Amino acid sequence: VKEIYVSLQDGSFVEVLDHPSTSMIEERLTSLSVNLKEGFRGEINTLMSARTREITDNFSKGFVITIDYGYLSEELYSNARSSGTLQCYYKHTQNRNVYQKIGYQDITTHVDFTTLINDGKSNCLEALGFVTQNEFLRNLGIHIFLKSLSFKKISNTEYLSNRMGMQDLIKP
C-alpha cells in the first residue's frame, strides 16, 4: 500500500507515491478484509473514526442519520472502483482532475459505509437501516413532489430544470 503525496515540480503539481503517513490506512484495509489488486487507487478517510466518536460523545440518547454518496466496503473497494471515487465539480461539470481550478471546484469522494457502521457499533450506535438515496427519497414520497411540479406557476424552463434535478436525485 502506498499513499499519494502532492509535490511541486517546475511550477506544476505532481503526485509522489511513498509509504503511508499513518498505519491507519493499512489497518483499515485489513479490518475490512480488503485485498486490492496491483494499481488500485482509492480513498480512505482516516478521520472517520474520530468524527464518529466526537458525535456520539455529544449526546446520550437519539438518532444519527447519515446521508451521503457511498458504498459498503465490498463495493467501494471492488474492481469496478479500481480508479477510486474522487470527483471534482465546477459549475455543475464533473471531472477527476484535482489539480485544475484549485480553490474554485468542489472535491469529493464516496463514503465507506461499512467503516461508518462499524465505527458506530464501537461507539454504542446501532445501524437500523441502510438504503440508497433513491430508496430514501422514494420512501419519503418524491413522486408526489414530481407530480406537484405540473401544478406550480413556473415557466416551462423552471419546470424542466426542477424535474430533471429531482430525477437526478433518484438515479441509481
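## Salt bridges

Going through the whole structure turns up four salt bridges, counting a side-chain nitrogen of Lys or Arg within 4 Å of a carboxyl oxygen of Asp or Glu. This is a predicted model, where local features need pLDDT of at least 70 and side-chain atom pairs count only at pLDDT 80 or more, while totals for chains, interfaces and linings use all residues. Residues are numbered from 1 along each chain as its sequence is written, and side-chain values use heavy atoms, with hydrogens and water left out.

Let's start with Arg41, whose side chain meets that of Glu15 in a salt bridge of 2.7 Å, N to O. This pair ties together distant parts of the chain, 26 residues apart: Arg41 sits in the loop between helix 1 and helix 2, and Glu15 in strand 2. Helices here are DSSP runs of H or I with at least four residues, strands are runs of E with at least two, and both are numbered from the N terminus. Arg41 is partly exposed at 38% relative accessible area, and Glu15 is partly exposed at 38%. For these labels, buried means under 20% relative accessible area, exposed means over 50%, and partly exposed is in between (1.4 Å probe, protein chains only).

## Two further pairs

Glu54 and Arg51 make a salt bridge too, with the closest N and O atoms 2.8 Å apart. Both belong to helix 2, and because they are three residues apart, about one helical turn separates them. Glu54 is partly exposed at 44% relative accessibility, and Arg51 is partly exposed at 47%.

Then there's Glu75, which forms a salt bridge with Arg81, the closest N and O atoms being 3.0 Å apart. Glu75 is partly exposed, with a relative accessible area of 33%. As a rule, side chains of opposite charge can pair when their charged atoms come close.

## The cavity

One cavity of 30 Å³ or more shows up in a search of the whole structure. The search runs on a 1 Å grid over the protein atoms alone: a cavity is a set of points where a 1.4 Å probe fits but cannot get out, a pocket is an open set with protein on both sides within 12 Å along at least five of seven lines, and lining residues have an atom within 4 Å of a point. Points are joined across faces, edges and corners, and a volume is the space filled by probe spheres set on them.

The largest cavity holds about 30 Å³ of space. Its lining consists of Phe40, Arg41, Gly42, Glu43, Leu76, Tyr77, Arg81, Gly84 and Thr85. By class, that's three nonpolar, three polar and three charged residues. Here Ala, Val, Leu, Ile, Met, Phe, Trp, Tyr, Cys and Pro count as nonpolar, Asp, Glu, Lys and Arg as charged, and the others, Gly among them, as polar.

## The second largest pocket

The second largest pocket has a volume of about 1,300 Å³. It is lined by 40 residues, with Lys2, Ile4, Arg41, Gly42 and Glu43 nearest its centre. Elements giving two or more residues to this lining are strand 1 (3-9), strand 2 (12-18), helix 1 (24-31), strand 6 (106-108) and strand 7 (111-112).

## Out on the surface

Ile65, Ile67, Val131, Phe136 and Leu140 make up a nonpolar surface patch, with about 510 Å² of accessible area together. Patch members have over 30% relative accessible area and no salt bridge; like charges are joined within 9 Å, and nonpolar side chains (Val, Leu, Ile, Met, Phe, Trp, Tyr) within 5 Å. Areas come from the Shrake-Rupley method with a 1.4 Å probe, and for residues only the protein chains shown count as cover. Leu140 lies in the loop between helix 5 (133-139) and helix 6 (142-148), and is exposed at 56% relative accessible area.

## Loops with positive phi

His92 isn't a glycine, yet has a positive phi of about 65°. It lies in the loop between strand 4 (87-90) and strand 5 (93-95) and is exposed at 85% relative accessible area. Cys124, also a residue other than glycine, has a positive phi near 65°. Look for Cys124 in the loop between helix 4 (113-122) and helix 5; at 75% relative accessibility, Cys124 counts as exposed.
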